[in-house]
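Where are the pockets of this protein, and what lines them? The paragraphs below go through two of them in turn.

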Amino acid sequence: MMKLAKNAIDLGIVVRNTQACVAFYGDLLGLELEGEVDIPAQGIHMHRFRCGDAVIKLVTLAEPPQAANPPGGFASATGMRYWTIPVENLDEVYDVCRQSGHSIPIQLREARPGVRMFIIEDPDGNWVEFVEYA
């Protein structure tokens with residue numbers, strides 16, 4: 001059985017549009033840039049953002065893969081289709097995201113009693129869910 005070293009997972013996202021994704025996660029969502037890492041032997045440049053106890057790693061490859069994230073969220077493909085950030089100020093986050101011009105494929109709504117959420121799409125088509133629990 002695993003013995004976890006911290007209370008969160010880290011998430012690696014391979015991106016094509018580094019500049020737009022760094023602006024999305026850093027400027028729009030307000031995640032703190034922890035630092036950048038180069039791994040020249042593998043052609044990797046990484047921006048590391050803090051998200052609570054987790055780290056969101058935006059990975060840029062010197063040779064971007066041919067395959068890209070298929071659009072359409074849940075119904076378009078299997079695999080990881082979204083990830084969730086729990087917040088205490090969902091209305092404020094929603095207003096900022098709505099004004100940003102980024103696609104919001106699932107508008108602010110009550111998902112089930114006591115749980116409200118919405119989903120925004122990052123510049124590379126990845127879905128980020130924001131959720132607030134009553």
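**Pockets and their linings**

The second largest pocket draws at least two lining residues from each of β4 (54-61) and β5. Strands such as these are DSSP runs of E with at least two residues, helices being runs of H or I with at least four, and both are numbered from the N terminus. The model is predicted, so local features need pLDDT of at least 70 and side-chain atom pairs count only at pLDDT 80 or more, while totals for chains, interfaces and linings use all residues. Residues are numbered from 1 along each chain as its sequence is written, and side-chain values use heavy atoms, with hydrogens and water left out.

A pocket is an open set of points on a 1 Å grid over the protein atoms alone, where a 1.4 Å probe fits and protein lies on both sides within 12 Å along at least five of seven lines; lining residues have an atom within 4 Å of a point.

β5 gives the most to the second largest pocket, with 4 residues.

The largest pocket holds about 340 Å³ of space. Among its 18 lining residues, Ile13, Val14, Ala68, Asn69 and Asn126 are the closest to its centre. Two or more lining residues come from each of β1 (11-14) and β5 (82-86), and β1 gives the most, with 3 residues. The lining of the largest pocket has 11 nonpolar, 4 polar and 3 charged residues.

Methods. Grid points are joined across faces, edges and corners, and a volume is the space filled by probe spheres set on the points. Ala, Val, Leu, Ile, Met, Phe, Trp, Tyr, Cys and Pro count as nonpolar, Asp, Glu, Lys and Arg as charged, and the others, Gly among them, as polar.
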